[in-house]
Amino acid sequence: MAFATATSELVSIKSKDSAACTRILTRWKSHILPTASTEEILQLFDCCQGKDSFLSTLFAIINDNDDLPFITTEGHRESSVEILRGILQHVFGQPKDCVEANSLEDRIDILQSLFQQCSRLFEKRMSRQDSSDHQGFHGSSLSSLEQSEHIRLSLVELMSELGSYLIMHTQSEELILEAASCICQTLAKNVFDDPFPDILAASCALVHTLAKLCPAVVAFNAKDLLLQLAGKDVKHCLFRNRRSKIRSEAVETSCAIVLCQTSQTPCKIDEQEDRSLPSSMLESLQYILLPGWEELAKMDASAS
């Protein structure tokens, strides 16, 4: 099947039924994406605007939008996230291997727009809903709107990948600042008490990525983030997670958050000559982080 035909077929999912959606997404994962050229994939980015574009169709499926003629399945949403991550990796490479020659400076505006769109997607799918028909997180009545832990993990990893692509090229764009702040708040409010350890580990890695991309934004959201990592009054804070690996990563992440205050990276909210810690950060250190470290040192030999 020609690439243009396959692209049109995926966009037409909005007028198909659930079975057709499954067939089309499966074909894209197994045949179209692996054999597509970089030039063909770039066409998807060049035509990424509008409600009937390739990317907007993937977003609609992941979001389980009401305008779809069917209720999406976990398989539909998972395949759509995988395809989205696949086309990004096809163009920009694996984040750990992303180098300037492969980052396509002339399309950085598209990448920034995607970061913003995906941050809203991340916020919505990680938001909480009443799960009175089944048990929610930690026995509560609330659970994530996205009930699949595999998809939640993929969404966290997607945001880390997008952030990694942007680190070398962002120029304090307002879109990036707003999106990064949205991600920080989503992590603090809805992700850091997720019961699945892989999601917690990936979320810590995402904070490290944001700390490199927009340290001022992480510093601005430091109190909310540190509360979930180290707060003594937070029931499921990561410093008290039963897995030593998660506790260790939480300690490293808390350090990265503190270091954001004096970090010298491109994405800054304001230029300040005074490099001293602001009162809000000092309060977070005094009342949240240091007590958390002290408690952890007493109860957990693996933290040393």
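Helix 4 of this predicted model is largely enclosed by the rest of the structure, because 10 of its 10 residues are buried, where buried denotes a relative accessible area under 20%, exposed over 50% and partly exposed in between, computed with a 1.4 Å probe on protein chains only. The buried residues of helix 4 are F54, L55, S56, T57, L58, F59, A60, I61, I62 and N63; helices (H or I, at least four residues) and strands (E, at least two) are DSSP runs numbered from the N terminus. Residues are numbered from 1 along each chain as its sequence is written, and side-chain values use heavy atoms, with hydrogens and water left out. Local features need pLDDT of at least 70 and side-chain atom pairs count only at pLDDT 80 or more, whereas totals for chains, interfaces and linings use all residues.

Just after helix 4, D64 takes a positive phi of about 55 degrees, in the loop between helix 4 (54-63) and helix 5 (74-92). Most residues other than glycine have a negative phi. D64 is partly exposed, with a relative accessible area of 25%.

Three aromatic pairs were counted, a pair being rings of Phe, Tyr and Trp (its six-membered ring) whose centres lie within 6.5 Å, with planes under 30 degrees apart taken as stacked, over 60 as edge-to-face and the rest as tilted. F3 and W28 form an edge-to-face pair, at 5.5 Å centre to centre and 70 degrees between the planes. Since F3 lies in helix 1 (residues 3-11) and W28 in helix 2 (residues 18-35), this pair ties together parts that are 25 residues apart in sequence. F3 is buried at a relative accessible area of 9%, and W28 is buried at 0%. Ring pairs link F3, W28 and F54 into a cluster.
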